[in-house]
Amino acid sequence: MSDTNSTEEYSAAAEVGMVRQRRTFLQRAWIELKKAPITAWFGMIVVIFYVVMVLFAPIIAPHGEAEVFSQSYAPWGGEHLLGTDQIGRDIYSRLIYGGRNTVGIAFLTTLLAFSIGGALGLIAAIDRKWLDQGISRIVDVLMAIPSLIFALVVLAILDKTTFNLVLVIAVLDSTRVFRLTRAVALNVVVMDYVEAARLRGEGLGWVMRREILPNIMPPLVAEFGLRFCFVFLTIAALSFLGFGIQPPLADWGSMVRENGSLIQFAQFDLTAGMTPLIPAAAIALLTIAVNFIVDWFLHKTSGLKDEH
Amino acid sequence: MVKKSKKSRKGDILLEMKDIVIDGYSDERWHEIVKGVDLTLKRGEVMGLIGESGAGKSTLGLAAMGFARPGCRLTSGSIMFDGMDLMAMPEKQKRQLWGSRIAYVAQSAAASFNPAHKLIDQTVEATVGHNIKAESDARDDAVKLYYDLQLPDPDTIGNRYPHQVSGGQLQRMMTAMAMSPRPDLIIFDEPTTALDVTTQVEVLIAMRDIVEQFDTAAIYITHDLSVVAQMADFIKVLRYGEEVEEAETRKMLSAPEQQYTKSLWSVRSLEKEESRSDDIVISIKGVDAAYGNTVKVLHDVNIDVPRGSTVAVVGESGSGKSTTARVITGLLPPIKGDVQFNGEALPRQLKERSKDQLRRIQMIYQMADTAMNPRHTVEEIIGRPLTFYQGLTGKKRADRVSELLNLIELDDSFLDRLPNEMSGGQKQRVCIARALAADPEVIICDEVTSALDQIVQEGILQLLMRLQKELGITYLFITHDIATVRAISDEIVVMFQGRVVEQGLKSEILSPPYPDYTQLLLSSVPEMDPDWLTNLQKERAAG
């Protein structure tokens, strides 16, 4: 062959590729964090604060979640930092435990919604035949019904257990996850490497998990953050309406409702009037913090980069 | 509006770039892409800029307009265009020049036209926008340009939308658009790379004639030597952002000075003794295939692939080459006929084929970038078929992966690389290793070298031929590049519009008498001779 002609110094291994500097995950994460905007930092600090509070609730809280004291509607200060509620439970402690229930259940629900919606979305994107049609149309029907009203109706029929609450909200929210997953996966499914995997004879599970999923993670992670906020708000709203997390479990939505009447005492005692607003503020703060992080993450991964 | 200087004459210096340094931003820091290149262009001259991908030729071409792509910056040097300093000129004034005195023709015409506007509106947009001509004059002139560029129905073609004309026509449209304001300088950035050879010839002729007719200076950027030989008065060779050499075209072709240039010139020297064999491994019998239920793309295709040989399938895009591959692999079940493997008919559907049947036929794709999962390392990419087909794990698998890497002339340092950390040629080699990992009898190569630079192409072809010798693999080699076919094939199948025009040994197909289509295809392949296009034009006009 023609090894003798002028390309003798040619060697495939010496071709110049773009070799990135090898960095560990932590190094890369730190580089990204250093460039993060102040809003993202704010969001992360708030979220870490919440996570610590939720994980160590029994240590931080001075009293039990359902512990009843003799004085109901106690004012702020003294033994009860934020007073007590209508049946004499310590509001400060319930606020901490409430975070555990509201945030924890919202997290679980979002996780479940992503498992259902993500898996079905991937299957639909790969199959593209009657299965895709079937799932997509069911999702269309579910999405056509206002989700809060739908959730109210279903929860009114079923037992008001936490399990049912999680399941109903997860199924309703999985419709949106399904649509997103299917849409982004469609762009990956047409790639040659997916075809190559199918030609190799790989099963559905491998194609979904190893070929497609790693390539659609960024939009899914961003959506997870946003979806978490919505689920969290839905649970709070349902609890406020009495269909969500049931007493004696504490949660921020029902705490607003239970102490709502206190707001009219604001003209006599400002602190008493603020009591129902504190759980509401806790909800708002977490929502904003998560949104800040998601915004930053989306900006980073969507290619909406500033021009140099 | 920027007025043209009155005293402009042919032979005056139009563009003078000195010591140009351009930086690109990637991986969090600035790298030099172009490292101090000089470029001088006189009025009416055509310069060919040539080099491998990544040599900085497009970046330099754009710098001639005083433009740097996002992520790039013009760091130092001077760019004088007709006495004006483009480096110092504010963006607003440069925009006055762009599209009026300097025009740009991009590689992908389809991506450069707005699909929502008529072609003629887009042709005259810059001319009218810069107040060079009144709209009606510009439109009349555009029709004249369409005539000059030999577009079909020149009077009415402008009323069509971009999707209503072919790729070659669209590329000529874009030349008309660039020519409409009668610029002093046109930059052609790989304008024919995406076209078929038969279309490429027409576009080249049209572009060359119109540049000559209006005495426009041009910079022609390409990686294809034989094309640049037809177009350019002189050629500049770039490599790694530096100038290798510059010379007048004929001189450059006959006596290149630098080692690198010589290697570019000599790459098409591969040859293979053709061999004949009657041991048929794959036989396609009377296959019809269609996408959906309506569009039939294959008509009664019969192809025999002898064991241990290379069968090249040639034809333009749309001729059904890739569809044939899809039928063989089972991705597209045929509506009639069948595919026999070692004498037994393969199940039509991919799902019905056994693991072993799948293993025996492997495929290598044109774009190595999209053929490998960007999130998998080389070890995973090559190792997976080993685990999947042969159940190798742990040390055995690692050893075999190293062995395969050696076979494709790479080493263990590639094991943990991701696809985007390798060059184009290395990626394609890893794809070859992945196919070899399955221990196949037949490998279908779908345009495997057409996205690569010439030197790299030769390396890949040599590798494929060596593997065939050592392992006795059969190749079905799909390509539109006749030079590649000459180099590596034993047998050739010519396809046109979903039909097999002829099949035979290389020596039979490539020698006269030819059927009409084979003749057209063969004569359209550019040759290294600078007079080739002129002669072909005369021949075709006469014949």
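Predicted model: local features only at pLDDT ≥ 70, side-chain atom pairs only at ≥ 80, totals over all residues.

Reader: What makes up the secondary structure of chain A?

Author: Chain A has 12 helices and 0 strands. Helices here are DSSP runs of H or I with at least four residues, strands are runs of E with at least two, and both are numbered from the N terminus. Along the sequence the pattern reads α-α-α-α-α-α-α-α-α-α-α-α.

Reader: Why is chain A called more spread out than a compact globule?

Author: Its radius of gyration is 26 Å, well over the 19 Å that the globule rule gives for 308 residues, so chain A is more spread out than a compact globule. The radius is taken over C-alpha atoms, and the rule is 2.2 Å times the number of residues to the power 0.38. The C-alpha atoms of chain A fill a box of roughly 100 × 45 × 35 Å along the principal axes.

Reader: And what makes chain B as compact as a globular protein of its length?

Author: Chain B comes to 21 helices and 20 strands. Its radius of gyration is 25 Å, close to the 24 Å from the globule rule for 543 residues, so chain B is as compact as a globular protein of that length. Its C-alpha trace spans about 75 × 50 × 45 Å along the principal axes.

Reader: How do you know whether Tyr475(B) is buried or exposed?

Author: Count neighbours: a residue is buried if 20 or more other C-beta atoms lie within 10 Å of its own, exposed if 12 or fewer, and partly exposed in between, with C-beta atoms placed from the backbone. Tyr475(B) has 24 C-beta neighbours inside 10 Å, so it counts as buried. It sits in strand S18 (residues 474-479) of chain B. Leaving aside neighbours within four places in sequence, Tyr475(B) is in contact with Thr310(B), Ile443(B), Cys445(B), Leu464(B) and Gln468(B); contact means C-beta atoms, placed from the backbone, within 7 Å.

Reader: Is Ala116(B) buried or exposed, and what decides that?

Author: Ala116(B) has 8 other C-beta atoms within 10 Å, so it is exposed. You'll find Ala116(B) in the loop between helix H3 (109-112) and helix H4 (119-129) of chain B.

Reader: Why are Gln150(B) and Arg182(B) called partly exposed?

Author: Gln150(B) has 15 other C-beta atoms within 10 Å, so it is partly exposed. Arg182(B) has 16 within that distance, so it gets the label too. Gln150(B) is in the loop between helix H5 (135-148) and helix H6 (167-179) of chain B, and Arg182(B) lies in the loop between H6 and strand S7 (185-189) of chain B.

Reader: What about phi in Gln150(B) and Arg182(B)?

Author: Phi is near 55° in Gln150(B), a positive value in a residue other than glycine. For Arg182(B), phi is near 50°, also positive in a non-glycine residue. Most residues other than glycine have a negative phi.

Reader: Why are H2(A) and H4(A) called roughly perpendicular?

Author: The axes of helix H2 (residues 38-55) of chain A and H4(A) come within 8 Å and cross at roughly 110°. That makes H2(A) roughly perpendicular to H4(A), because the label covers 65 to 115 degrees, with under 35 roughly parallel, over 145 roughly antiparallel and the rest oblique. Axes are lines fitted to C-alpha atoms, for helices over the stretch in contact, and angles run from 0 to 180 degrees between N-to-C directions. Tyr50(A), Met53(A) and Val54(A) of H2(A) make the contact with Ile96(A), Gly99(A), Arg100(A), Val103(A) and Gly104(A) of H4(A).

Reader: What makes H14(B) and H15(B) oblique?

Author: Helix H14 (residues 378-390) and helix H15 (residues 394-407) of chain B pack at about 120°, with axes 10 Å apart. H14(B) and H15(B) are therefore oblique to each other. Among the residues meeting there are Leu386(B) in H14(B) and Leu404(B) in H15(B).

Methods:
Residues numbered from 1 in each chain as written. Chains lettered and ligands numbered in written order. Contact = placed C-beta atoms within 7 Å.
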